[in-house]
Amino acid sequence: RVSISTLASMRKTLDIGCGAGAYVRAMREVGSTGQFVGIDPTRYSGDNAYGEYDELIFNDIRSPEALEQLSRHHFDCVISVGMPPQALDFVARNKGKFRLDTGGLMVLVTDSNIRDNQYRDFDVYHGTMAVDESILVSK
């Protein structure tokens with residue numbers, strides 16, 4: 001099972017669709033000292049946690065430029081909360097492009113209804129709220 005303490009203990013996390021940084025802020029609040037790389041196609045103004053990231057990439061995760069920038073990194077965790085269905089499909093089908101370390105963890109939370117066997121490299125859990133209709137956890 002994935003827990004907050006497991007996620008907070010990761011050494012280097014890729015936050016796909018980082019938005020204004022809610023995930024990194026939450027991880028810092030529970031004591032995470034790991035490195036965070038955030039990627040999002042939109043730069044948010046106002047209240048954001050951009051200063052908590054070790055690197056920010058403002059680009060679509062599916063773009064060759066973004067994948068090139070990410071190729072310099074190795075991650076022990078890749079996370080996304082609320083990714084649009086097309087981006088989630090790309091990430092789930094191209095898991096190897098994200099340089100996840102052996103034993104690393106990929107967690108994708110979506111408001112889309114994902115079938116249990118839709119992605120062979122993931123276990124699918126069905127949430128109880130609109131924002132977590134499906135939770136994919138790498139096997």
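User: Hi! Where is Asp-76 found?

Analyst: Asp-76 is in strand β4, which covers residues 75-81. Keep in mind that this is a predicted model.

User: Thanks. Is Asp-76 buried or exposed?

Analyst: Buried: its relative accessible area is 6%, and the cut-off for that class is under 20%.

User: And what lies 2.9 Å from a polar atom of its side chain?

Analyst: That would be the backbone nitrogen of Arg-11.

User: Which residues is Asp-76 in contact with, leaving aside neighbours within four places in sequence?

Analyst: There is one run, Met-10, Arg-11, Lys-12 and Thr-13, and then Leu-100, Asp-101, Gly-104 and Leu-105.

User: Zooming out, in what order do the strands of the open sheet come?

Analyst: The order is β3-β2-β1-β4-β5-β7-β6, which makes 7 strands with mixed pairing. At the edges are β3 (55-58) and β6 (122-125), each of which pairs on one side only.

User: How many degrees does the twist average from one strand to the next?

Analyst: The average is 15°.

User: Which strands does helix α2 touch?

Analyst: Helix α2, residues 22-29, packs on the sheet and touches β1, β2 and β4. Its direction makes about 160° with that of β2.

User: What about helix α4, which strands does that one touch?

Analyst: Helix α4 (residues 85-93) also packs on the sheet, where it touches β1, β5 (100-110) and β6. Here the angle is taken with β5, and it is about 160°.

User: Changing topic: how many disulfides are there in the whole structure?

Analyst: The search finds 0. Cys-18 is in no disulfide, and its nearest cysteine sulfur, that of Cys-77, is 14 Å away. Cys-77 is in no disulfide either, with the sulfur of Cys-18 as its nearest, at that 14 Å.

User: Last one: are Cys-18 and Cys-77 buried or exposed?

Analyst: Cys-18 counts as buried at 5% relative accessibility. Cys-77 is buried too, with a relative accessible area of 0%.

Notes. Residues are numbered from 1 along each chain as its sequence is written. This is a predicted model: local features need pLDDT of at least 70, side-chain atom pairs count only at pLDDT 80 or more; totals for chains, interfaces and linings use all residues. Side-chain values use heavy atoms; hydrogens and water are left out. Helices (H or I, at least four residues) and strands (E, at least two) are DSSP runs, numbered from the N terminus. Buried means under 20% relative accessible area, exposed over 50%, partly exposed in between (1.4 Å probe, protein chains only). A polar contact is a pair of N or O atoms within 3.5 Å; within protein, one must be able to donate a hydrogen and the other to accept it, and residues adjacent in sequence count only if both atoms are side-chain atoms. Contact means heavy atoms within 4.5 Å. A disulfide is a pair of cysteine sulfur atoms within 2.5 Å. Two strands pair if DSSP finds at least two bridges between them. Axes are lines fitted to C-alpha atoms, for helices over the stretch in contact, and angles run from 0 to 180 degrees between N-to-C directions.
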